[in-house]
Amino acid sequence: MVDLKSQYEKIKDEVNASIQDVLENNTYINGPLVHQFQANLEKYLGVKHVIPCANGTDALQIAMMGLDLKPGDEVITADFTFAATVEVIALLQLTPVLVDVDLDNMNISLDGIRKAITPKTKAIVPVHLFGRAANMDAIMEIANEHNLYVIEDNAQAIGANYTDKNGKKSKVGTIGQVAATSFFPSKNLGCYGDGGAIFTNDDNLAHIIRGIVNHGMYERYHHDVVGVNSRLDSIQAGVLKAKLPNLDAYNLARKTAAKKYNEALSVNNNIVVPSFDFNGDDHVFHQYVIRITNGKRDALLAHLQEKGIPCAIYYPIPLHSQKAYADVRYKEEDFPVTNQLCKEVIALPMHTELDDEQIKFITDTVLEFLK
Ligand SMILES: *Cc1c(COP(=O)(O)O)cnc(C)c1O
């Protein structure tokens, strides 16, 4: 699905030098590379504060811990996402409220959000799924109208742009009150281990969060709030610092590969390819996900695996159907799109190193099977 080895070959000198620097200087934790990467990412994103942490799941949890949410507060998020999004809501004893997604962009349904709002609702967590920006104009509008926080799950869309209705361009993850991202190796900006970060433009929230990631300390050995230990280590920061200047090129390579996939695959009526019809939103193709509408998705998956082509189902089971997140208030008819997507989606290999020959082999194999 990904080819991190070939990508590494091209940035080997910078990455190795960064790692060497950490080893020579013994600055494993909170070293200068962490601060340099943080500053570089703030500049790249155009956001006031980046707070690095240990992984994307922690980033989501810490972002929520930083807001004044109380047990029982309702947090609306998408039924069709990776479990981490909903897991942290439940862990903090907030009440996750799952809503359906839209068929065209697979992101949280605006109607779904509106219908799910109750007096207990405190926050919305849009996920920029597979790298496509959610409809932030509308989400911010709903949030402002009902006085809700917006916590962006930006684990899959770092570097994606969003152009708002006034033509203002910003990076996704800098639009809500706070955002979380992941530097898991296969993410668009990945390190060689675990890593994550929280972004915010709110000085006060940034201060609170900086304490939370460090055991709730604002002054050494004074624990003002219950915190966690969540750090990005210096070696990972060095890897990320070396990779960040390439992020736009990486995202472009993904988008270019997606376009080639689309051109080849859209000839078959049983395949629905991701739309390139952008309307202020952007897509950085963390995953290239198509829908197979003739009921042969599982057969195609088995066929591709047999031919040695990696592929995967993101996600096979809706969150509302998972034991851990079941709730009497959910009815099947509230999730027609997620239920459909879980049966139809398949992700093809997507990374920065895909070449034309690989894309042709993959698309030929898919088309031959579905003809
Ligand atoms: C990867 C991912 C996360 C979690 O990130 P980790 O670094 O693996 O903890 C959260 N949300 C989404 C949508 C993700 O894809």
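Which helix does Gln236 lie in? I looked this up to get going: Gln236 is part of helix α8, residues 234-243. I kept in mind that I'm working with a predicted model.

**Gln236, continued**

Then I listed what Gln236 touches, skipping neighbours within four places in sequence. I found Cys191, Tyr192, Gly193 and Asp194.

**The whole chain**

I stepped back and looked at the overall fold. The protein chain has twelve helices and 14 strands. Its C-alpha trace spans about 65 × 55 × 40 Å along the principal axes.

For contacts with a separation of 6 or more, 72% come from residues 24 or more positions apart.

The accessible surface is about 16300 Å², and carbon and sulfur atoms hold 50% of that. I looked at charges too: there are 35 positive and 47 negative side chains, and the centres of the two sets lie 1 Å apart.

**Lys187**

What does UniProt place at Lys187? The unreviewed entry gives "modified residue: N6-(pyridoxal phosphate)lysine" there. I found Lys187 in the loop between β8 (178-182) and β9 (196-200).

Is Lys187 buried or exposed? The relative accessibility is 16%, and the cut-off for buried is under 20%, so Lys187 counts as buried. Leaving out residues up to four places away in sequence, Lys187 touches Ala155, Ser182, Arg254 and His286.

Phe285 has a positive phi, near 45°, and it isn't a glycine. Phe285 sits in the loop between β12 (271-272) and β13 (288-292). With 0% relative accessibility, Phe285 counts as buried.

Asn30 is another non-glycine residue with a positive phi, about 55°. I located Asn30 in the loop between α1 (4-25) and α2 (32-45).

Which two residues does a cis peptide bond join? I found the bond between Tyr314 and Tyr315, with omega about 5°. Tyr315 belongs to the loop between α10 (297-306) and α11 (336-344).

**Helix α6**

Last stop: helix α6, residues 136-146. Which residues of α6 are buried? I wrote down Met136, Asp137, Ala138, Ile139, Met140, Ile142 and Ala143.

I then asked what covers the buried residues of α6. The cover includes helix α5 (110-116) and the strands β4 (121-125), β5 (149-153) and β6 (161-163). Just after α6 I came across Asn147, which takes a positive phi of about 60°.

Terms used. Residues numbered from 1 in each chain as written. Predicted model: local features only at pLDDT ≥ 70, side-chain atom pairs only at ≥ 80, totals over all residues. Heavy atoms only, no water. Helix = DSSP H or I, 4+ residues; strand = E, 2+ residues; numbered from the N terminus. Contact = heavy atoms within 4.5 Å. Areas by Shrake-Rupley, 256 points an atom, 1.4 Å probe, with all protein chains shown as cover. Lys, Arg positive; Asp, Glu negative; His and termini not counted. Charge placed at Lys NZ, Arg CZ, Asp CG, Glu CD. UniProt positions renumbered as here; feature names shortened; annotations may be inferred. Buried < 20%, exposed > 50% of the residue type's maximum accessible area, 1.4 Å probe, protein only.
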